[in-house]
Amino acid sequence: MTEIVCLNGQFMPATEAKVSIFDRGLTFGDSIYDCCPVVAGHLINWHLNRARIQRSLNEISLYVQDRFWAELDQQVTELIKLNELVEGYVYLQVTRGVGERVFTYDANMTPSVILSISRTSIVKRGDDYRGIAVCSVEDLRWGRRDIKTTQLLYPVMAKMEAKSKQCQEAWLVSRGMVTEGASTNAYIVQRDGTIVTRPVSREILSGCTRDALLSLCKSRDLNVDERAFSLEEALAAREAFITSAIHFVTPVTAIDGHKVGDGTIGSFTAELHEAFLQSIGC
């Protein structure tokens, strides 16, 4: 099946979609992006992604017209339908637009809006639900990690380092403390069942899955301590896990070659994962 994309409001085969070589998303990484999971043909927590898109746009002073939001909702829905997407995610990128390659820009530029999909398995149960290994990498990213921009070169480098070490994710470490994963949020579970994760600030991206999970934890009266934690604390923890749009709640069973707990999927994380799936209707 030929993938259909939406470029500046026009639906077309992916092979026909083209953007200018002078688009600032290409020349400067002057763009934001987001991705929302799709399960059983339905967007999951789209309202959270929508709010984050708006925040990212505001933070880089990329202003869109009022009709953008209604059109975006319609286009995302139509894209899922045209691609007959059952499970995977919708990807959105909004660039500053096309202009002369100079650092400053015209405030009235016309943004480029790109929508595409990816088909991938997200809902995992039984033998498909596995733990991952992570490695630690020094966090050398820019200081506005809270904005979901396409400036992703350093996370790419971190992911490749993780791959070279037969790991599935990198945990970024700053001043001895874990900030987040290269494309995920990071958590540990203490011996008493307290979930520890870094608080929202400019140092991490506020994940939509993170927001939904913490709301679920609150509704179940689970104790969450939003603070930084070290690698040593993670290795001494009862369990560890990550969250993201395509991982939901995934156990971390090893860090830098050392087991977390007994090196298997912890019961607390597994129960939390199942509770999250049920909360989204899976």
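Visitor: Which residue forms a salt bridge with Glu-59, and how far apart are the closest N and O atoms?

Guide: Keep in mind that this is a predicted model. The partner of Glu-59 is Arg-144, and their closest N and O atoms sit 2.8 Å apart. Glu-59 belongs to helix H2, while Arg-144 is in the loop between E7 and H4, so this contact ties together parts that are 85 residues apart in sequence.

Arg-55, Glu-59, Arg-144 and Asp-146 are linked in a network of salt bridges. Within it, Asp-146 and Arg-55 pair up through their side chains, at 2.8 Å from N to O. Asp-146 lies in the loop between strand E7 (132–138) and helix H4 (153–164), and Arg-55 is in helix H2 (residues 46–59), so here the pair ties together parts 91 residues apart in sequence. Asp-146 is buried, with a relative accessible area of 6%, and Arg-55 is partly exposed at 37%. The structure as a whole holds 21 salt bridges.

Glu-71 is partly exposed at 31% relative accessibility, and Arg-67 is exposed at 52%.

Arg-67 also leads us to a pocket. Along with Gln-65, Phe-68, Pro-111 and Val-113, Arg-67 is among the residues nearest the centre of the second largest pocket, which has 16 lining residues. That pocket has about 400 Å³ of space, and H3 gives the most to its lining, with five residues. By class, this lining divides into eight nonpolar, six polar and two charged residues.

The elements around the salt-bridge network turn up at a pocket too. The largest pocket has a volume of about 790 Å³. It is lined by 42 residues, and the closest to its centre are Tyr-33, Lys-148, Ala-182, Ser-183 and Leu-205. H2 and H4 are among the elements that give two or more residues to this lining, and H4 supplies the largest share, five residues. The lining has 21 nonpolar, 13 polar and eight charged residues.

Definitions and conventions: Residues numbered from 1 in each chain as written. Predicted model: local features only at pLDDT ≥ 70, side-chain atom pairs only at ≥ 80, totals over all residues. Heavy atoms only, no water. Salt bridge = Lys/Arg side-chain N within 4 Å of Asp/Glu carboxyl O. Helix = DSSP H or I, 4+ residues; strand = E, 2+ residues; numbered from the N terminus. Buried < 20%, exposed > 50% of the residue type's maximum accessible area, 1.4 Å probe, protein only. 1 Å grid on protein atoms, 1.4 Å probe; cavity = no way out; pocket = protein on both sides within 12 Å on 5 of 7 lines; lining within 4 Å. Points joined across faces, edges and corners; volume = space filled by probe spheres on them. Nonpolar A, V, L, I, M, F, W, Y, C, P; charged D, E, K, R; others polar.
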